Amino acid sequence: MKIGIMGAMPEEIAPILEKVGEYKSTDIADNTYYEANYNGVDLVIAYSKIGKVFSTLTASTMIHHFGVETMLFSGVAGGINPALKIGDLIVADKLCQHDLDITAFGHPHGFVPGGSQFVETDASLRKLAFDVAKEMGVALQGGTIATGDQFVHNPERKAFIESTFSADALEMEGASVAVVCHSLNVPVFILRAISDTADTDASFNFDEFMESSAKISADFIMKMVERLER
Ligand code: SAH
């Protein structure tokens, strides 16, 4: 079993690379992919760079070039659901693209013909996450994650995303990775730790908490990897 582990930013995969210790680096299309073996599991690790386009490229490359059979994403997000505080973990049940808009033609937000408004993640990976959380005594929440090519730091945009998609958190890569994996029949799991709450002070909170939240998410992902079959 070959597992892909993606982040968007270097800080999101740094704790993972540190944990695996030794790896082989390969550069493809302006990204570096790190191949490692951890506890008998073959891993391909990479950060994509920020946003839907780069994360799509990285997810596709991991699957087509490296033969990744399961995809795990680890990173940070802005919280929408008030139950999510900075440092809390959210597992995406489903994801949507909040900035995809052909509503002019009568379609719902986030929908294009041939696609779907929401894309679901793999149920057995989600179950594994909740088992691991229970074992670790860590609080884990499931919910909807909205993805778009915007750093949201404004209450109106946040309210729009909450009311339109009933989203619990928002970020910039999850839905694109999930769409790629869904289309290519690769089970996908998206985990995020909250770095900010997408309000006017989001960029300050992000700068302060991004690294610590990225590590919370990465550490949890590695606990899951330890439980995956080899
Ligand atoms: N500080 C970075 C930019 C970060 S963009 C720089 O200058 O390079 C925010 C990143 O964290 C994205 O990868 C996104 O997935 C996630 N994220 C965290 N909070 C977010 C928010 N409020 N809105 C959108 N994405 C957010």
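Tutor: Before we start, two residues are in contact, or touch, when they have heavy atoms within 4.5 Å. This is a predicted model, in which local features need pLDDT of at least 70 and side-chain atom pairs count only at pLDDT 80 or more, while totals for chains, interfaces and linings use all residues. Residues are numbered from 1 along each chain as its sequence is written, and side-chain values use heavy atoms, with hydrogens and water left out.

Student: OK. Where is Ile 63?

Tutor: Ile 63 is in helix H2. Helices (H or I, at least four residues) and strands (E, at least two) are DSSP runs, numbered from the N terminus.

Student: Is Ile 63 buried or exposed?

Tutor: Ile 63 has a relative accessible area of 10%, so it is buried. Buried means under 20% relative accessible area, exposed means over 50%, and partly exposed is in between, using a 1.4 Å probe and protein chains only.

Student: What does Ile 63 touch?

Tutor: Not counting residues up to four places away in sequence, Ile 63 touches Val 68, Met 71, Val 180, Cys 181, Leu 184 and Val 186. The C-alpha atoms of Ile 63 and Val 188 are separated by 11 Å, though the two residues are 125 residues apart along the chain.

Student: At what angle do H2 and H5 pack?

Tutor: The angle between H2 (residues 52-64) and H5 (residues 174-183) is about 35 degrees, and their axes are 8 Å apart. Axes are lines fitted to C-alpha atoms, for helices over the stretch in contact, and angles run from 0 to 180 degrees between N-to-C directions.

Student: Which residues make that contact?

Tutor: From H2 there are Lys 52, Ser 55, Thr 56, Ala 59, Ser 60 and Ile 63, and from H5 there are Ser 176, Val 177, Val 180 and Cys 181. Sorted by class, that is 5 nonpolar, 4 polar and 1 charged residues. Ala, Val, Leu, Ile, Met, Phe, Trp, Tyr, Cys and Pro count as nonpolar, Asp, Glu, Lys and Arg as charged, and the others, Gly among them, as polar.

Student: How many residues has the largest nonpolar core?

Tutor: The largest nonpolar core has 34 residues, and Met 62, Met 71, Leu 95 and Val 177 have the most contacts inside it. H5 gives the largest share of this core, 5 residues. A nonpolar core is a set of buried Ala, Val, Leu, Ile, Met, Phe, Trp, Tyr and Cys residues joined through side-chain atoms within 4.5 Å.

Student: And what is Met 62 in contact with?

Tutor: Leaving aside neighbours within four places in sequence, its contacts include Ile 5, Tyr 33, Val 44 and Met 71. There is also a second, separate core of 31 residues, which includes Tyr 34, Val 41, Leu 140 and Phe 220.

Student: New topic. How do H3 and H6 cross?

Tutor: The axes of H3 (residues 123-136) and H6 come within 10 Å and cross at roughly 110 degrees. H3 is therefore roughly perpendicular to H6. Angles under 35 degrees count as roughly parallel, over 145 as roughly antiparallel, 65 to 115 as roughly perpendicular and the rest as oblique.

Student: Which residues of H6 meet H3?

Tutor: Phe 220, Lys 223, Met 224 and Arg 227 of H6 do, and their partners in H3 include Leu 125, Leu 128 and Met 136.

Student: Is Leu 125 buried or exposed?

Tutor: Leu 125 counts as buried, at 6% relative accessibility. Beyond four places in sequence, Leu 125 touches residues including Thr 70, Leu 72, Phe 189 and Met 224.

Student: And how are H1 and H6 arranged?

Tutor: H1 (residues 10-20) packs on H6 at an angle of about 45 degrees, with axes 8 Å apart, so the two are oblique to each other. The buried residues of H1 are Glu 12, Ile 13, Pro 15, Ile 16, Leu 17 and Val 20.
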